[in-house]
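Here is a short briefing on one protein model. Keep the sequence and the 3D view open as you read.

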Amino acid sequence: MSATSAIATGIRAAGAVSPALAGRLAFPLFMRVGPRTPVAPSDRATHHAARRGTVRIPGLRRTGVDVVTYEWGSGSDTVVLAHGWQSRASVFAPLVRELRSEGFRVIAFDAPANGDSPGRGTYLVDHLDTLSELQHHHGAFHAIVGHSFGALAALVAVHDGIAARRVVGIAGAGTPEVFIDGFGEALGLDAPSRAALANRFTTRLFPGGPDPFERYSALRHPLPDPTRLLLVHDRGDRRVPFTQSERLAEANAPAARLVATDGLGHNRILRADVTLDEVTAFLTAADVATRRSQVGQAPRLERTTAS
């Protein structure tokens, strides 16, 4: 039995006696980002070709942390890429190459405790702080593209006032509860223990503040008009349920389009030709009518089967 499995067994046993105790024991494990993802061999050339920099953000603990940034190209339109949990900017390398060929300036970053950025933990507020700092340095964005956790950050950031004409969510979550549920399912926690973990998370990181599960919900806070939204999600995604993108499309109708794939899962979808083609076409397309002129239309759903 691995150390993590043994800890999970202990947390489940504690939950049978006291869900609150299980929540306290699970919290450090939930917040741990885990081993840093290495740069894949196929991504190294793109990774090393970037112009590196840093931005300073308050950080999860509000004590300050440096975030490593990457920049490619020099176009007038800027596209920012936001990676997911336990990931890094280099996972976007195939998309970076596509967007550079289209003349975009592309910017990405390693969130705290991910990739080459320092730190021991991170959360959504770090992504939001980083996007704010990048906007301060580079001005309004043409688009923000986010994967998984990064997609939720992109949606919340633009709702909160970050200027971006378009948003792309790849295997994206619409609400922070998804990550509590996914973590709880992985550890085999029952519903009371998951609820206790959510409460522990709220009281430790947001004491006296608004409910983070409501505050950072992209389902409850849609994108402002006339922001356009592209969602790409695999029906068999085991990390973030496909229904999250369905609900996001509904919340942002009719300015949202959902492309459904089969056979790509949560991570392979980032590198799939269908994703690269859809995202590139979406970001290079001419502006279309705004949401107000399309009142009453439903979000578009397209299905694509991976080869």
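Which residues lie nearest the centre of the second largest pocket? They are Leu60, Arg61, Gly119, Arg120 and Gly121, out of 18 lining residues. This is a predicted model: local features need pLDDT of at least 70, side-chain atom pairs count only at pLDDT 80 or more, and totals for chains, interfaces and linings use all residues. Residues are numbered from 1 along each chain as its sequence is written, and side-chain values use heavy atoms, with hydrogens and water left out.

**Pockets**

- A pocket is an open set of points on a 1 Å grid over the protein atoms alone, where a 1.4 Å probe fits, with protein on both sides within 12 Å along at least five of seven lines; lining residues have an atom within 4 Å of a point.
- The second largest pocket holds about 400 Å³ of space, where a volume is the space filled by probe spheres set on the points.
- Helix 2 gives the most to the lining of this second largest pocket, with three residues.
- The largest pocket has a volume of about 900 Å³.
- Its lining counts 37 residues, and Val33, Trp85, Gln86, Phe179 and Arg239 lie nearest the centre.
- Helix 2 (19-31) and helix 7 (177-187) are the elements that give two or more residues to the lining of the largest pocket.
- Helix 7 gives the most there, with six residues.

- Helices (H or I, at least four residues) and strands (E, at least two) are DSSP runs, numbered from the N terminus.
- Five of the six residues of strand 4 (residues 105-110) are buried, so the strand is largely enclosed by the rest of the structure. Buried means under 20% relative accessible area with a 1.4 Å probe, protein chains only.
- Strands pair if DSSP finds at least two bridges between them.
- Strand 2 (residues 65-72) pairs with strand 4 in the antiparallel sense, over five bridges. Here Trp72 stands opposite Val106.
- Strand 3 (residues 78-82) runs parallel to strand 4, joined by four bridges. Here Leu81 stands opposite Ala108.

**Aromatic rings**

- Rings of Phe, Tyr and Trp (its six-membered ring) pair if their centres lie within 6.5 Å; planes under 30 degrees apart count as stacked, over 60 as edge-to-face and the rest as tilted.
- By this rule the count is 11 aromatic pairs.
- Tyr123 and Phe206 have ring centres 6.4 Å apart and planes at 70°, so this pair is edge-to-face.
- The pair links distant parts of the chain, 83 residues apart.
- Both Tyr123 and Phe206 are buried.

Methods:
Buried means under 20% relative accessible area, exposed over 50%, partly exposed in between (1.4 Å probe, protein chains only).
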